[in-house]
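The questions below go through the fold, the core and a few single residues. Each answer ends on the item asked for.

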Amino acid sequence: MSTPPSATTRRAETFSPVEVERISGLSSEDLLWYEELGLIDSVSREPGGQRVYSASNLRWLEFLNRLRSTGMPVQEMGRYVELAQAGDHTVGERRDLLAGHRRRVLAHAEELAATVHYLDWQIDFYDKKRTALTTGSPCTETS
């Protein structure tokens, strides 16, 4: 017996909370928290009350995850959502908000790159020190 076409179409368009957790990497608590904060809306409900997410919801969650992974504060994410919900007349503000965040992310990336450079130097020092201790040759660097 095959699945009716309407069920196949509906199934392809919606995702259960468990599926969204698996796809997005967010926990059910995170999903609820995003909804409570108003960061994600338009989540539909099945007749039994279970939440169902659309492909659009999944794309939005991916965007929110990327913002969070770059350290954007939740309040700033909320501001972005408010602007997006307000309509196209806020395009400039949304762009500026993202551009400001991008500048902060790049500055942080530069700090991390400098730290990685220092760690590489320190690791190299210990490699030389270990070799010197193993071979009995002097290690002239100190740290």
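Contact here means heavy atoms within 4.5 Å. The model is a predicted one.

Q: Leaving aside neighbours within four places in sequence, which residues is Val-20 in contact with?
A: Val-20 is among the buried residues of helix α2. It is also one of the residues that touch the most other members of the largest nonpolar core. Beyond its neighbours within four places in sequence, its contacts are Phe-15, Gly-25, Leu-31, Tyr-53, Leu-58 and Leu-61.

Q: In what pattern do the helices and strands follow one another along the sequence?
A: The protein has 6 helices and 3 strands. Read along the sequence, they give α-β-α-α-β-β-α-α-α.

Q: What percentage of contacts between residues at least 6 apart in sequence join residues at least 24 apart?
A: The protein has 143 residues, of which 27% count as buried. Among its contacts between residues at least 6 apart in sequence, the share joining residues at least 24 apart is 44%.

Q: Which element gives the most residues to the largest nonpolar core?
A: This core has 20 residues, and Val-20, Tyr-34, Leu-39, Tyr-53, Leu-61 and Met-77 touch the most other members. Two or more residues come from each of α3 (28-36), α4 (55-69) and α5 (74-86). With 5 residues, the element that gives the most is α5.

Q: Why do the buried residues of α2 lie on the same side, and how wide is their arc?
A: In helix α2 (residues 17-24), the buried residues are Pro-17, Glu-19, Val-20 and Ser-24. They lie on the same side of α2 because the arc they cover around the axis is only 155°.

Q: Which exposed residues does the face of α2 turned away from its buried side carry?
A: Residues count as exposed over 50% relative accessible area. On the face of α2 turned away from the buried side, those residues are Val-18 and Arg-22.

Q: Which residue just after α2 takes a positive phi?
A: Helix α2 spans residues 17-24. Just after α2, a positive phi of about 85° is taken by Gly-25.

Q: How many charged residues are in the contact of α4 with α5?
A: The axes of α4 and α5 come within 10 Å, crossing at roughly 145°, and the crossing is right-handed. From α4, Trp-60, Phe-63, Leu-64, Leu-67 and Arg-68 meet Val-74, Met-77, Tyr-80 and Val-81 of α5. The residues of this contact divide into 8 nonpolar, no polar and, as for charged, 1.

Q: Is Leu-64 buried or exposed, and at what relative accessibility?
A: Leu-64 lies in helix α4. Leaving aside neighbours within four places in sequence, Leu-64 is in contact with Tyr-34, Leu-39 and Met-77. The C-alpha atoms of Leu-64 and Tyr-34 are 9.1 Å apart, although 30 residues separate the two along the chain. Leu-64 counts as buried, at a relative accessibility of 1%.

Q: Which residues does Thr-14 touch, not counting those up to four places away in sequence?
A: Thr-14 is placed in strand β1 (residues 14-15). Its relative accessibility is 14%, so Thr-14 counts as buried. The residues touched by Thr-14 beyond four places in sequence are Glu-19, Val-52 and Tyr-53.

Q: What is the relative accessible area of Gln-85?
A: Gln-85 lies in helix α5. Apart from neighbours within four places in sequence, Gln-85 is in contact with Gly-38 and Asp-41. Gln-85 is partly exposed, and its relative accessible area is 48%.

Methods. Residues are numbered from 1 along each chain as its sequence is written. This is a predicted model: local features need pLDDT of at least 70, side-chain atom pairs count only at pLDDT 80 or more; totals for chains, interfaces and linings use all residues. Side-chain values use heavy atoms; hydrogens and water are left out. A nonpolar core is a set of buried Ala, Val, Leu, Ile, Met, Phe, Trp, Tyr and Cys residues joined through side-chain atoms within 4.5 Å. Buried means under 20% relative accessible area, exposed over 50%, partly exposed in between (1.4 Å probe, protein chains only). Helices (H or I, at least four residues) and strands (E, at least two) are DSSP runs, numbered from the N terminus. The arc is that of the directions from the helix axis to the C-beta atoms. Axes are lines fitted to C-alpha atoms, for helices over the stretch in contact, and angles run from 0 to 180 degrees between N-to-C directions. A crossing is left-handed if the near helix is turned anticlockwise from the far one by less than a right angle, and right-handed if clockwise. Ala, Val, Leu, Ile, Met, Phe, Trp, Tyr, Cys and Pro count as nonpolar, Asp, Glu, Lys and Arg as charged, and the others, Gly among them, as polar.
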